[in-house]
Amino acid sequence: MAAAPEPGEPKERKAFKLLGFLDVENIPCARDSILYGSLGSVVAGFGHFLFTSRIKRSCDVGVGGFILVTLGCWFHCRYNYAKQRIRERIAREEIKNKILYEGTHLDPERKHNSNSSN
């Protein structure tokens, strides 16, 4: 018999996987892209239906809207995510170099200050 979890312990949750392989919870940008794609699908399909009153074609437009909006949001988000990771890596390297070279003859601030005082 399994013991009941303590009140302070976090409960283990089963990850939500879309189509069985896309782990929406742990992949950056996946959740937002799918949500925006769903909204784009509804807007595109319903808008097309209001203008033409053709049900099958409106469903096709809705599916196309889902694909386009999802891919557009995915690429935009992943591009910004990659830029942010690059900026974070550069900042970490600069902090590491500042700590490593502070007070030595290789300190860039020290060289700058000594040149301006002459």
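Helix axes are lines fitted to C-alpha atoms, for helices over the stretch in contact, and the angles between their N-to-C directions run from 0 to 180 degrees. On that basis, the axes of α1 and helix α2 (residues 55–101) come within 7 Å and cross at roughly 150°. The model is predicted, so local features need pLDDT of at least 70 and side-chain atom pairs count only at pLDDT 80 or more, while totals for chains, interfaces and linings use all residues. Residues are numbered from 1 along each chain as its sequence is written, and side-chain values use heavy atoms, with hydrogens and water left out.

**Overall architecture**
- The protein chain holds three helices and two strands, where helices (H or I, at least four residues) and strands (E, at least two) are DSSP runs numbered from the N terminus.
- Along the sequence these elements follow the pattern β-β-α-α-α.
- Of the 118 residues in the protein chain, 12% are buried, meaning under 20% relative accessible area, with exposed set at over 50% and partly exposed in between (1.4 Å probe, protein chains only).

- Helix α1 covers residues 30–52, and its 23 residues reach 32 Å from first to last C-alpha, close to the 33 Å expected, a span defined as 1.5 Å times one less than the number of residues.
- The buried residues of α1 are A30, S33, I34, G37, G40 and G45.
- The crossing angle of roughly 150° makes α1 roughly antiparallel to α2, a label for angles over 145 degrees, whereas angles under 35 count as roughly parallel, 65 to 115 as roughly perpendicular and the rest as oblique.
- The residues of the contact between α1 and α2 divide into 12 nonpolar, 12 polar and one charged, with Ala, Val, Leu, Ile, Met, Phe, Trp, Tyr, Cys and Pro counted as nonpolar, Asp, Glu, Lys and Arg as charged, and the others, Gly among them, as polar.

**Residues with positive phi**
- C29, in the loop between β2 (22–23) and α1, has a positive phi of about 80° although it is not a glycine, and C29 counts as buried at 10% relative accessibility.
- S53, in the loop between α1 and α2, has a positive phi near 60° and is likewise a residue other than glycine, but S53 is exposed, with a relative accessible area of 54%.

**Annotated spans**
- An unreviewed UniProt entry lists residues 34–51 and 63–81 as "transmembrane region"; its positions follow the numbering used here, feature names are shortened, and annotations may be inferred rather than shown by experiment.
- Residues 34–51 are 100% helix and 0% strand, with end C-alpha atoms 26 Å apart.
- Residues 63–81 are 100% helix and 0% strand, with end C-alpha atoms 27 Å apart.
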